[in-house]
Amino acid sequence: MLTFVIRRVLYSLLVLLVASFLLFWFTRQTFDPTSRLRASRDKTVVQRERERLGLNDNIVVQYGNWLKDAVKGDLGTSSRTNEEVTSMMRRAMGNTLQLIIWGALISAALAIGIGVFSAIRQYSIPDYLFTGLSYIGISMPPFWFGLLAIEVFGVQLGWFKFVGLHSGDGSSYDVDYLKHLVLPVATLCVQIVASWSRFERASMLDVMSADYVRTARAKGVPRRTVIFKHALRNALIPLVTVMALDTAALFGGLIITERIFSISGMGRMFFDALLTGDVYVVEAWMIVVALFIIMFNLFADVIYGILDPRIRLS
Amino acid sequence: MPDLRTIDLEPAAGDPGGEWRGPILEVRDLTVHFPSDDGLVKAVDGITFDVLPNETLGIVGESGSGKSVTSMAILGLLPKTALITGSVKFRGRELLGLRENELQPLRGQSIAMVFQDALAALNPVFTVGAQIAEAIKVHHEVNSKDLRERGVELLNIVGIPNPSERFDNYPHEFSGGMRQRAMIAMSIANEPDVLIADEPTTALDVTIQAQVLEVLERIQDRTSSSILLITHDLGVVAGTADRVMVMYAGREAEVGTVEDIFYNPRHPYTRGLLASLPRVDGRRGDRLHRIVGQPPSLIVLPTGCAFHPRCNDARVPGPCNDQRPELHLVEDAHSSACHYAEDLPALSTTDLAADAEETASDD
Amino acid sequence: MRTEDEVSGLPAAPLGVPSIPDGLPPAPELGGAPEPEPRSQWQLFRRRFFRHRAAVIGGGVLLFLYLVCFGAKFIAPYDKNHLNLLLGPTSPSKEHWMGTDELGRDQLTEILYAGQISLKIGMAVALMSTAIGATLGAVAGYFGRWVDQVLMRMTDLFLVVPGIAILAIALKRFGQTDTIIILVLAALGWTYVARVVRGQVLSIKEKEFVEAARAAGASSTRIITRHILPNCIGPIVVNTTLGIAAAIVTESTLSFLGFGLQKPATSWGNMLADSEGYYSHNTHLLYFPGLMILITVLCVNFLGDGLRDAFDPQSHH
């Protein structure tokens, strides 16, 4: 098991390096860190800035320097706000993590609950209802869901808040906080709950018709135990893989959610950076997010190994 | 082989208990039909047989003959869509129509089952030991230490080396034969009266097959249980069974002792099966005999006798394609469902070979 | 004995029928006895497909949408971009079935024309990414070894960064016209199809009829095109269909964020972005474009699932 994890970690680092290099290259080609200065009257300013930032070096060298700094914790300076990217990111991460953690937990719980329930009560009315809802959930663009939610639940009904995570200057974690949390988390999760619950239902149905479930029944194991012990354990395994693969989508979804709900998190940061061509923020964002995604995937691999002894022991 | 038992098991719940002197299992006119898009699949179409205490009854037939469905019907493991009629009595108690919570105490305790592919039939995420222990735990209150001891003992009984280590292994860590033995161990954990073995050797090499069959025999010696041995392989049945029931297209073809079936088969299908066994003393260049044609669709069965389209001895037009033959006694404890069972000449092995040549020359 | 149109969400398993004709009828299996008379593959497929009412309806509505949108010139009640500044935004009425926006433009007209773009992008991206993905996946699966490794590593790269992010940057770099959007979305979308087709090819490659063909001297190209790919048709068609859904949602999301289609081109996503300040009093501006996306994608999903079940009914007991 340990060698398995180590190999995965090393491989992931390699992927991280290659991906971040390619993205770095791509970003530098797309954006010019000195674009602000181009309007200046002093024509040499641009040249000097380029020298200072090392933009005339070979791209590999640029990447190397950037990486060296990044590892030391220096992710550059935002060309938009002139703030240190690292501190910007720390602040943004705080907000974003709240969304992600709540989102992931609630999504997983709902998806497993709905999926298992639908599989056990296959073809019942609630099953059809859930299936219909999942279809809609998967087919609806998340940003539109967010806008609708704001309009209906925020503006018309006034049940929830939809600007930021706290009212005014508050930072307490109380009911007001929850009122701010509901809609953004729902927007972030609607698509993944829909798709994960369908997947879990299918996985559960597959497992329930497996031979070993038949054996358990033939042994006299009570139906409830057959479902929740024998079937569910096996049905969760493929779901873990799917969940890991979807973390990238989750980060993408943040961009939309934070923009719509005016939350100052990683998504908002990226959005603003892209609009203004804030190169250093974009680059930093890419590598930090990639790092997170890789960590989530490794975590999922470990869980997968825990759940499935066939992987663990090979 | 240690003969000690570490735990005393209570008699099975729901078991009428007491003395029961009749056949352990009585099946009368069992039919199992499955509705499907193309029509009604008559997987089992009216079979009647008994299983006596301490005997091994072999049920022989090809894929689709209904043998597995029969065994699942006994334990109530068929899907809810199945339409089951007839009667299945265990120790005089009717099983068909029992609710799930009434069947549960019987499963794995009075009647147990061993399945074909042990790798698929064992849960891959639990240790073999845990699964054996579970078989006991669902029926008896036993502490984990005793459960483990009993489990290790069971592994030992079926001949698995290093049983206490193996107890903590997962199914995929066992070899095929060992796995099958482990499944057998699990099924006898509660010393059932009837052990249904559904193709227990089909997925195994021939040498391992013999070992597993030997394990089954040994167990039967110890526990005096009855074994329902389901297989498509006549060779398996020849060495292990006391009586044999041959099934075809969901119906019974012939029932009798092993000797009766092998030396005096009274149904053309049985004879065809026997003739198609490769012979050690056959001549070089002999072609393998086969029964011409294909098994029939279980939705649209042939009229009259289900086998008649493929039967060399069929008299058509006549009762063979007109009336369904009923199982009737041909001689003592030997029945056949063929209209002309009595008229079939007594066979010797050379006759079967001649049959083979005849069919070969028909090609 | 499946009688319900339930979905698996999992990639479809192989067709399981070799393309070299097999003369003998299959032996009956338990509960799955052969039909009393044999039917061709196509008939079976058609029968299974038309049993899924949702898929048939979805396909029909989709067709209707495509026809109506691309026929906008003939169907739309007003000219495209016909302004009526004095009118301003109004709710749906007899003259304007879907109301008007802040510039007085008839929304039904706008939606139809915007639909052209959205639907066009959806289909083009799906076709392109499937073509690329299927080819690469088949090659990787068939030739294996280092070709396969290279492909797998490449697809791994795409997994670590959110797609939207890469797409947004790419569009900033290359431009935000509909053609470029199509190319960029396809360049990102092929990885999923490639993985699925590769898996398919790997399992088919091991089957005996491929060995037989190889033993008979067939070239690799011939084996791939005549034996392997036909058995992949199922997943390929299904993925193309479902790819339309993904492409439409992605494009509308990007356009809404401002990273996608630039004015004056309109797509449904753009329409939602334009009217963002006006929603509260003109909810029709929020509902209709989004509803169009929802309906389109819903129909695509129904259709795709129906196709998947029609190609491979064994994906569930």
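How many of the five residues of strand E3 (residues 56-60) of chain B are buried? Five of the five are, so to speak, under cover, and the strand counts as mostly covered. Here, buried means 20 or more other C-beta atoms within 10 Å of a residue's own, exposed means 12 or fewer, and partly exposed is in between, with C-beta atoms placed from the backbone. Keep in mind that this is a predicted model: local features need pLDDT of at least 70, side-chain atom pairs count only at pLDDT 80 or more, and totals for chains, interfaces and linings use all residues. Residues are numbered from 1 along each chain as its sequence is written, while chains are lettered from A and ligands numbered from 1 in the order in which they are written.

**Chain B: the strand from the opening question**

- Both faces of E3(B) are covered, with B:Thr56, B:Gly58 and B:Val60 buried on one side and B:Leu57 and B:Ile59 buried on the other.
- Strands (E, at least two residues) and helices (H or I, at least four) are DSSP runs, numbered from the N terminus.
- E3(B) runs parallel to strand E8 (residues 226-231) of chain B, and five bridges join them; strands count as paired if DSSP finds at least two bridges between them.
- Strand E9 (residues 243-248) of chain B also pairs with E3(B), in the parallel sense and over four bridges.

**Chain B: the open sheet and the rest**

- Over in another part of the description, four strands of chain B form an open sheet in the order E2-E1-E4-E5, with antiparallel pairing.
- Strand E2 (39-51) and strand E5 (93-94) of chain B are at the edges with a single partner strand each, so one side of each has no neighbour in the sheet.
- Ten bridges link strand E1 (residues 25-36) of chain B to E2(B) in the antiparallel sense, and B:Val32 has B:Val44 as its bridge partner in E2(B).
- Helix H1 (residues 67-75) of chain B lies across E1, E2 and strand E4 (83-90) of chain B, at about 75° to E2(B).
- In total, chain B has twelve helices and twelve strands, and 46% of its 363 residues count as buried.
- Of the contacts in chain B with a separation of 6 or more, 66% are between residues 24 or more positions apart; a contact means C-beta atoms, placed from the backbone, within 7 Å.

**Chain C: helices and a loop residue**

- Chain C has eleven helices and zero strands.
- Of its 317 residues, 47% count as buried.
- For chain C, 74% of the contacts between residues at least 6 apart in sequence join residues at least 24 apart.
- C:Gln262 is in the loop between H9 and helix H10 (268-274) of chain C, and C:Gln262 is partly exposed, with 15 other C-beta atoms within 10 Å.
- From C:Gln262 to C:His284, 22 residues apart along the chain, the C-alpha atoms are separated by 23 Å.

**Where chain C meets chain A**

- On the chain C side 38 residues are in contact with 44 residues of chain A.
- Helix H5 (145-159), helix H6 (163-174), helix H9 (220-257) and helix H11 (283-311) of chain C each supply at least two residues of that side.
- H11(C) gives the largest share, eight residues.
- By class, the chain C side has 23 nonpolar, eleven polar and four charged residues; Ala, Val, Leu, Ile, Met, Phe, Trp, Tyr, Cys and Pro count as nonpolar, Asp, Glu, Lys and Arg as charged, and the others, Gly among them, as polar.

**Chain A: a helix pair**

- Helix H7 (residues 175-208) and helix H9 (residues 223-245) of chain A pack at an angle of about 145°, their axes 8 Å apart.
- Axes are lines fitted to C-alpha atoms, for helices over the stretch in contact, and angles run from 0 to 180 degrees between N-to-C directions.
- Residues making the contact include A:Trp196 and A:Phe199 of H7(A) and A:Leu239 and A:Val242 of H9(A).
- By class, eleven nonpolar, two polar and one charged residues make up this contact.

**Nonpolar cores**

- The largest nonpolar core has 162 residues, and A:Phe270, A:Trp285 and C:Val161 have the most contacts inside it.
- A nonpolar core is a set of buried Ala, Val, Leu, Ile, Met, Phe, Trp, Tyr and Cys residues joined through C-beta atoms within 7 Å.
- Not counting residues up to four places away in sequence, A:Phe270 touches A:Ile255, A:Val282, A:Trp285 and C:Ala165.

Methods: Contact = placed C-beta atoms within 7 Å.
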